[in-house]
Amino acid sequence: MVTPEQRARDLIDQQLIAAGWIIQDRDQLERRASLGVAVREYPLSSGPADYLLLVDGKACGVVEAKKEGFTLSGVADQATGYNAGAPNALASWGMPLRFDYEASGSELLFSDRIDPDQRSRQLFAFHRPETLLEWLKSESSIRARLPEMPELPRDGLRECQVEAIEGIEHSLAQGQPRSLVQMATGAGKTFTAATLSYRLLAHAKAHRILFLVDRNNLGKQTLKEFQTYRPPGTGRLFTELYNVQRLGTAGLDAPNKVVIATIQRIFSQLTGTELTEEDEEHSEFERPHAPTRIIAYNPALPPETFDFIIVDECHRSIYGSWRQVLDYFDAQIIGLTATPSPMTMGFFQQNLVSEYPYERSVADGVNVPFEIYRIRTQIGEHGGRVPAGYSVPRRDRHTRRQRYEQLDDDLVYAGSDLDRSVVVPNQIRTVLETYRDTLATELFPGRAEVPKTLIFAKDDHHAEEIVMIAREVFGKGNDFAKKITYAATEPEKILAQFRTEYLPRIAVTVDMIATGTDVKPIEVLIFLRDVRSAIYFEQMRGRGVRSINATDLARVTPDAPAKDRFVLIDAVGVTESDKTIVQPLERKRTVSFEKLLENVAVGATDEDTVSSLAHRLAALDRKLTPEDRQRVAEATHGLTPADLAGRLVDALDYDRASFATDPAAESQRLREEALIPFDKPALRNLLIELKRASEVVIDDLSSDVVISSAFDPAAAERLTSSFRTFLDAQQDEIAALQILLGRPAAQARLTYAGLDELRTAMLRPPWLLQPLELWSAYRRLQGDKVRGNPAKALTDIVSLVRFATGQAETLAPLSSDMAGRFNLWLGREKQAGREYSQAQLGWLEAIRDHLAANIELPLRDLQDLPQFERRGGIIAARATFPGRLDVVVDELTTALVA
């Protein structure tokens, strides 16, 4: 029988082979048999390594293998011990060996000794040998180079862009896996990303950067921005320095340093599935939730392909079907968004490195404010009625062929039915006529031209009606109003004309330019559709916020003096309706899988139950073996758990039910139909049995807040009591304590060496007294007497001793105490007739700050230390205090330290 350990080794063998390694037993060792060789059970001084990794014939790392389910974080020390104990005869890239892997077959951790604060991180798969060879030859790592990035030149950057780039670089240098930037629409997210990309490539020597968008249209726009960007100080275009590719069906070109792609395209490349250009044109906002699809290792696109992933408008790409694309790559992830949701914050682990909200962008003049102009119509608010006996046209949604039908009963419809199951051209006409008639009087007094106007329609059929009626209402030709939707002919060409030319004046869209697309001259947004998503509404509203200089605006709208605001015309109550944050599928976290199935069996069909069941089934499918999926298929006439989940998700799609006479009843019917397979107890029991192969659910999407927190006061009391015992026991043994406690044998003044001796004694057993822990303990017990945080300097010990022995009533950093003593000393000097110039005060303050951290100042330090060297060193100091430098330093030290 195969043991769990052997099963894990078999899986690890498969994973290494997939990544380009060959596996050898020790007695079959042939170190140059391939670029990458993994040798089983290789003896090292601390014991046999499960796998010794050789690249180009030389050892470079180890793999420590454990059985599935074994927690790996504690195994890293074992791997490190192996690396440190390689025999002298072993050809290696250097000792200790550089790379540590810990693997269980289902989980993989990796760390690089060259990284600052060597830290393990999770991997999807082993790195390829050629990747490790490249890293070994560089004798560095990208995470080691990040903290050494040069200062950011601020020329040509807005302050918000500087804050964003510096915040990201600081976060990356700290090794944070995910960093989020909130930046208002129009503030220059792509320009910021281009600047950051240049710095990561030029200074951190990044191998390749992935820029993810969620629509093809935005990918084209991003490519244009990179093509026109000139990095500061280079005098060249970005694309002259680095190759930039917009990923298509041909796949990745190796020389490219920046790859722009939709997340759908990356998914298709990883899975080998086909993807049309049309599939890339739809935003995640337009799709219902879908169960997560399975990604497997792809040697053509290994996880180390990208060092960094920049996710534009990341609130749409980090959950649902596409989350696993981000988890696949061994890359630090940078999110850019104007509208972060709670799920976005959860995914980025609350690491919001920069905030630039819309309100601040308006105050800075980056964006323009808006006004809401509400149009209410009788039909729009209350619906309408067509009496029986009238003939009404009916149009086929697919062919648009129209036929007439006489009504046998009254046709009654609500405002919410408009342009879904019922089209009322006169309602659209009324709204557009009101817009036309108020343009020169209320909206833009004194202007004759129709401002650039973007109208949001419900679907392509609705958009078609609006375009035709707009031309009639304004008495203009075809070029005046055009549709920019995926179904339109040459939508990209029309969009470019709308952005830069006089015509068209009115554009009608559904989703194609609802988010991300930059059309600065827009001065009016008209909503003829309601929007339920708060984030989507903010994105749509953002199409009007962008500022534009008067000259550029006049080119497309000749009588517009300036764009100082935009007008949001609400004809459907979009600014008044309740909005929701997009929810994950899981909506009943506290209800067990068994209970969900039981609830469904007895008739539960509510949306939350159906959605949560879909989530659990999709998650279960990813854990099943092919044999287990076959068992489910046999119980359901061919449906896997993923198929069942997909049916449930489809049943939750509001748009599928919205065209019915009674959408609510149709939604109920769809849910009931999708739940029919779960009526069978055999299926429910089988699913429960499979689910009990237990797993831990990791919720890293939900944001959390603290409702209470507290430390154990007893532990703090034990620590401070131990410190007092230490002071009593050591007061005659340690010189620094003798001085601080005023013992008779004390020497005149504290020294740095004396304090270092005191700290060393505190840290030795049995005391083990950490100054920072002591400070925290006093804060817990006597918070009202603790002022400020420790300076994390050696001199914190002085403050702790004085407070513990009652010499000081409050615990505060020595620098704050010295500030008061310094002012008193200056006062005494003034009374003695010695007043100091500004130059002298500058030196005195520098000496004070040095003493606060180091307790003493030998005169040689005035020459050697940078803060004094910048002032001219000891020669300048003696010139500033002619004949008195030694006396001044001595007296000031006595006054501040004693």
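A residue is called exposed here when its relative accessible area is over 50%, and buried when that area is under 20%. With that in hand, welcome to a tour of this predicted model. Its chain has 898 residues, of which 50% count as buried, and its secondary structure comes to 36 helices and 24 strands.

**The chain as a whole**

- Among contacts in the chain with a separation of 6 or more, 67% are between residues 24 or more positions apart.

**The mixed sheet, β1 to β7**

- Seven strands make up this open sheet, and they follow the order β1-β2-β3-β4-β5-β6-β7 with mixed pairing.
- The edges are taken by β1 (22-24) and β7 (121-122); each has a single partner strand, so one side of each is left without a neighbour in the sheet.
- Within the sheet, β2 (residues 36-44) and β3 (residues 47-55) run antiparallel and are joined by eight bridges.

**The parallel sheet, from β15 to β21**

- Here six strands form an open sheet with parallel pairing, in the order β15-β24-β23-β20-β22-β21.
- At its edges stand β15 (370-374) and β21 (481-483), and since each has a single partner strand, one side of each is left without a neighbour in the sheet.
- From one strand to the next, the twist of this sheet averages 20°.
- Strands β20 (residues 453-456) and β23 (residues 524-527) pair in the parallel sense over four bridges, and L454 stands opposite L525 in β23.
- Lying across β15, β20, β23 and β24 (566-570) is helix α17 (residues 534-541), which runs at about 145° to β23.

**Helix α26 and its surroundings**

- Helix α26 (residues 713-730) has 18 residues and reaches 26 Å from its first C-alpha to its last, close to the 26 Å expected at 1.5 Å a residue.
- Its buried residues are A716, L719, T720, F723, F726, L727 and Q730.
- Viewed down the axis of α26, these buried residues fall within an arc of 110°, so they line one face of the helix.
- The other side of α26 has P713, R718 and D728 as exposed residues.
- Cover for the buried residues of α26 includes α27 (735-740), α28 (752-763), α29 (771-781) and α30 (796-804).

**Helix α35 and its surroundings**

- In α35 (residues 873-880), the buried residues are G873, I874, A877 and T880.
- Looking down the axis of α35, you will find its buried residues within an arc of 120°, so they line one face of the helix.
- Turned away from that buried side is the face of α35 that carries the exposed residues I875 and A879.
- What covers the buried residues of α35 includes α32 (838-854), α33 (861-864), α34 (866-869) and α36 (885-897).

Key
Residues numbered from 1 in each chain as written. Predicted model: local features only at pLDDT ≥ 70, side-chain atom pairs only at ≥ 80, totals over all residues. Heavy atoms only, no water. Pairing = 2+ DSSP bridges. Helix = DSSP H or I, 4+ residues; strand = E, 2+ residues; numbered from the N terminus. Axes fitted to C-alpha atoms, helices over the stretch in contact; angles between N-to-C directions. Contact = heavy atoms within 4.5 Å. Buried < 20%, exposed > 50% of the residue type's maximum accessible area, 1.4 Å probe, protein only. Expected span 1.5 Å × (residues − 1). Arc of directions from axis to C-beta.
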